[in-house]
Amino acid sequence: MEPNLDELRKNYEKFDNSKLVRIATEEATRLRPEAVELLKQIISERGLSKDITKGIDAQFQEVDNETLLEYTELLRELPCPICKSTEEKLNATMTGCVVSFIIMTSYKKELKIACPNCLDKANNQAMIKSALFGWWAFLGAL
Ligand SMILES: [Zn+2]
């Protein structure tokens, strides 16, 4: 049975500020609409930052393709997190790396964001690592 608003308020009032902020910033989309409103109300009653309420709204905002593309292009202008260069726009790639130990083989998939140069390096490293540690997997299969 879902708690009614009064019960919900009593619950929220028991939480300290940090717990409320955590719910607001991480779990808002999982709450019922009336619970979200209540949460916003309590946050404002406690005089917590308005940015938290903005953060709740941001989680419900749908982004259309055009806006998403704009944001993406903005982010791509940032310096490369690896070499700090801004010469080329950032890209993203999935690198995969097979690492085998005597009893298990693991495949590590990673999302990497960097400039094209660094991505090439990262891909090569993943391949080298696969070549070095991956052959155990074949032994195990024999
Ligand atoms: Zn780079």
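## Helix 2 and helix 4

Are helix 2 and helix 4 roughly parallel or roughly antiparallel to each other? In this predicted model, helix 2 covers residues 17–27, and its packing angle with helix 4 is about 25°. Angles under 35 degrees count as roughly parallel, and helix 2 and helix 4 are therefore roughly parallel to each other. Their axes lie 8 Å apart, and their crossing is left-handed.

On the side of helix 2, the contact is made by Val21, Ala24, Thr25, Glu26 and Glu27. Helix 4 contributes Ile52, Ile56 and Gln59. Sorted by class, the contact of helix 2 with helix 4 has four nonpolar, two polar and two charged residues.

## Helix 3 and helix 4

Helix 3 spans residues 33–45, while helix 4 spans residues 50–60. These two helices pack at an angle of about 160°, and their axes are 9 Å apart. Angles over 145 degrees count as roughly antiparallel; helix 3 and helix 4 are therefore roughly antiparallel to each other. Helix 3 passes helix 4 in a left-handed crossing.

Which residues of helix 3 meet helix 4? They are Val36, Leu39, Lys40 and Ile43, and their partners in helix 4 are Ile52, Thr53, Ile56, Asp57 and Phe60. The contact of helix 3 with helix 4 consists, by class, of six nonpolar, one polar and two charged residues. Ile52 and Ile56 of helix 4 take part in the contact with helix 3 and also in the contact with helix 2.

## Helix 2 and helix 3

Helix 2 also packs against helix 3, at an angle of about 140° and with the axes 11 Å apart. That angle makes helix 2 oblique to helix 3. The crossing in which helix 2 passes helix 3 is left-handed.

Leu20, Ile23 and Ala24 of helix 2 form this contact with Leu39, Ile42 and Ile43 of helix 3. By class, the residues of the contact divide into six nonpolar, no polar and no charged.

## The largest pocket

The largest pocket has a volume of about 150 Å³. Its lining is formed by Tyr71, Thr72, Leu75, Arg76, Leu90, Asn91, Ala92 and Ile113. By class, this lining has five nonpolar, two polar and one charged residues.

Which element gives the most to the lining of the largest pocket? Helix 5 does, with four residues. Helix 5 (65–76) and strand 1 (91–100) each supply at least two residues of the lining.

Note on methods. Residues are numbered from 1 along each chain as its sequence is written. This is a predicted model: local features need pLDDT of at least 70, side-chain atom pairs count only at pLDDT 80 or more; totals for chains, interfaces and linings use all residues. Side-chain values use heavy atoms; hydrogens and water are left out. Axes are lines fitted to C-alpha atoms, for helices over the stretch in contact, and angles run from 0 to 180 degrees between N-to-C directions. Angles under 35 degrees count as roughly parallel, over 145 as roughly antiparallel, 65 to 115 as roughly perpendicular and the rest as oblique. A crossing is left-handed if the near helix is turned anticlockwise from the far one by less than a right angle, and right-handed if clockwise. Contact means heavy atoms within 4.5 Å. Ala, Val, Leu, Ile, Met, Phe, Trp, Tyr, Cys and Pro count as nonpolar, Asp, Glu, Lys and Arg as charged, and the others, Gly among them, as polar. On a 1 Å grid over the protein atoms alone, a cavity is a set of points where a 1.4 Å probe fits but cannot get out, and a pocket is an open set with protein on both sides within 12 Å along at least five of seven lines; lining residues have an atom within 4 Å of a point. Grid points are joined across faces, edges and corners, and a volume is the space filled by probe spheres set on the points.
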